[in-house]
Amino acid sequence: MANKGLNIVIFYGSYRRDRNGIRAVKFVQNQLEARGHTVTFVDAKEVDLPILDRMYKEYPKGEAPENLQKLADLYADTDAYVLVAGEYNHTIQPGLSNLVDHFLEEYGFRPSAVVAYSVGGFGGARVAVHLRGYLAELGMPAIPSALHVSKITQSLGEDGEDTSPYLTKAASKFLDELEWYGRALKAERAKGVPY
Ligand SMILES: Cc1cc2nc3c(=O)[nH]c(=O)nc-3n(C[C@H](O)[C@H](O)[C@H](O)COP(=O)(O)O)c2cc1C
């Protein structure tokens, strides 16, 4: 699809030293950039927010820590969020939810999309189900499709190169859909939001 120039944030929440999900981050970032989008990777491990104490909005204006303020400024200009989510005990990685939970209104009236992965064969199927309710509560409902990366260490190389028979094709439909929702909600946000 042609360049629609969306600003897209990718979240990833693994703190493990041997983390594998970074392959999926690189894959989806490459795909989005090839479509002409501006992509910012927000790596929970790099940003390293503390376990939630105060949300961004709980600080008096101008007094939030610099890393939170930088994220708030980034989110203000974001059109869509992509969550690259591994599955820990059938649910969401704590590093991901800690990163995301520091904000709320910043996500509103924007679409999200789930890229779920696992080392095993189920491609993060269970965390993707959990994320749908979570993302709806945050005001960034997930698009209908999810991209599932099973056997991630076999399906993607360390630089995100597709070594599977299916991922690039699946990503194409998935990202077409995300672009549609991203453009549609961007146009509506420009007219105003209900609250
Ligand atoms: C605490 C923990 C729980 C896990 N639970 C699951 C699980 O429920 N389902 C699954 O498919 N894989 C599970 N795994 C394996 C992960 O899919 C695998 O470790 C993956 O590489 C984790 O993502 P990361 O490397 O980006 O941290 C678990 C791994 C850890 C460390």
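Two strands are said to pair if DSSP finds at least two bridges between them. Helices (H or I, at least four residues) and strands (E, at least two) are DSSP runs, numbered from the N terminus. The structure shown is a predicted model, in which local features need pLDDT of at least 70, side-chain atom pairs count only at pLDDT 80 or more, and totals for chains, interfaces and linings use all residues. Residue numbers start from 1 along each chain as its sequence is written.

**Figure 1. An open sheet of five strands with parallel pairing.** The strand order is β2-β1-β3-β6-β7. The edges are formed by β2 (38-43) and β7 (147-149); each has a single partner strand, so one side of each lacks a neighbour in the sheet. On average, and with direction ignored, neighbouring strands of this sheet are turned by 20° against each other. Such angles run from 0 to 180 degrees between N-to-C directions, and axes are lines fitted to C-alpha atoms, for helices over the stretch in contact.

**Figure 2. The pairing of β1 with β2.** Six bridges join strand β1 (residues 7-12) to β2 in the parallel sense. Within this pair, Phe11 has Val42 of β2 as its bridge partner, and Tyr12 stands opposite Asp43. Five of the six residues of β1 are buried, so this strand is largely enclosed by the rest of the structure. A residue is called buried if 20 or more other C-beta atoms lie within 10 Å of its own, exposed if 12 or fewer, and partly exposed in between, with C-beta atoms placed from the backbone.

**Figure 3. Strand β6 and its two partners, β3 and β7.** β6 runs parallel to β3, to which five bridges join it, and parallel to β7, with three bridges. Val84 stands opposite Val115 in β6, while the bridge partner of Tyr117 in β7 is Val149. Six of the six residues of β6 are buried. Ser112, Val114 and Ala116 point one way from the strand, and Ala113, Val115 and Tyr117 point the other way.

**Figure 4. Val84 and Val115 in the largest nonpolar core.** A nonpolar core is a set of buried Ala, Val, Leu, Ile, Met, Phe, Trp, Tyr and Cys residues joined through C-beta atoms within 7 Å. The largest one has 51 residues, of which Val84 and Val115 touch the most other members. When residues up to four places away in sequence are not counted, Val84 touches Ile10, Phe11, Tyr12, Gly21, Ala24, Val25, Val28 and Val115. Contact here requires that the C-beta atoms of two residues, placed from the backbone, lie within 7 Å.

**Figure 5. Helices α5 and α7 against the sheet.** Helix α5 (residues 125-137) lies across β3 (80-85), β6 (112-117) and β7, and runs at about 160° to β6. Helix α7 (residues 167-191) packs on the sheet, where it touches β3, β6 and β7, and its direction makes about 150° with that of β7. Arg132 has its place in helix α5. With 15 other C-beta atoms within 10 Å, Arg132 is partly exposed. Arg132 and Pro144 are 12 residues apart in sequence, and their C-alpha atoms are 9.4 Å apart in space.

**Figure 6. The packing of α1 against α7.** Helix α1 (residues 22-34) and α7 pack at an angle of about 55°, and their axes are 11 Å apart. The two helices are therefore oblique to each other; angles under 35 degrees count as roughly parallel, over 145 as roughly antiparallel, 65 to 115 as roughly perpendicular and the rest as oblique. Phe27, Val28, Gln31 and Leu32 of α1 make the contact with Leu167, Ala171 and Leu175 of α7.

**Figure 7. Positive phi values at His90 and Lys151.** Most residues other than glycine have a negative phi. His90, although not a glycine, has a positive phi of about 70°. This residue lies in the loop between β4 (87-88) and β5 (91-92), and counts as exposed, with 12 C-beta neighbours inside 10 Å. The phi of Lys151 is also positive, near 45°. Lys151 is found in the loop between β7 and α6 (152-155) and is partly exposed, with 15 other C-beta atoms within 10 Å.

**Figure 8. Glu158 in the loop between α6 and α7.** Glu158 is exposed, with 10 other C-beta atoms within 10 Å. Glu158 and Gly21 are 137 residues apart along the chain, and 9.6 Å separates their C-alpha atoms.
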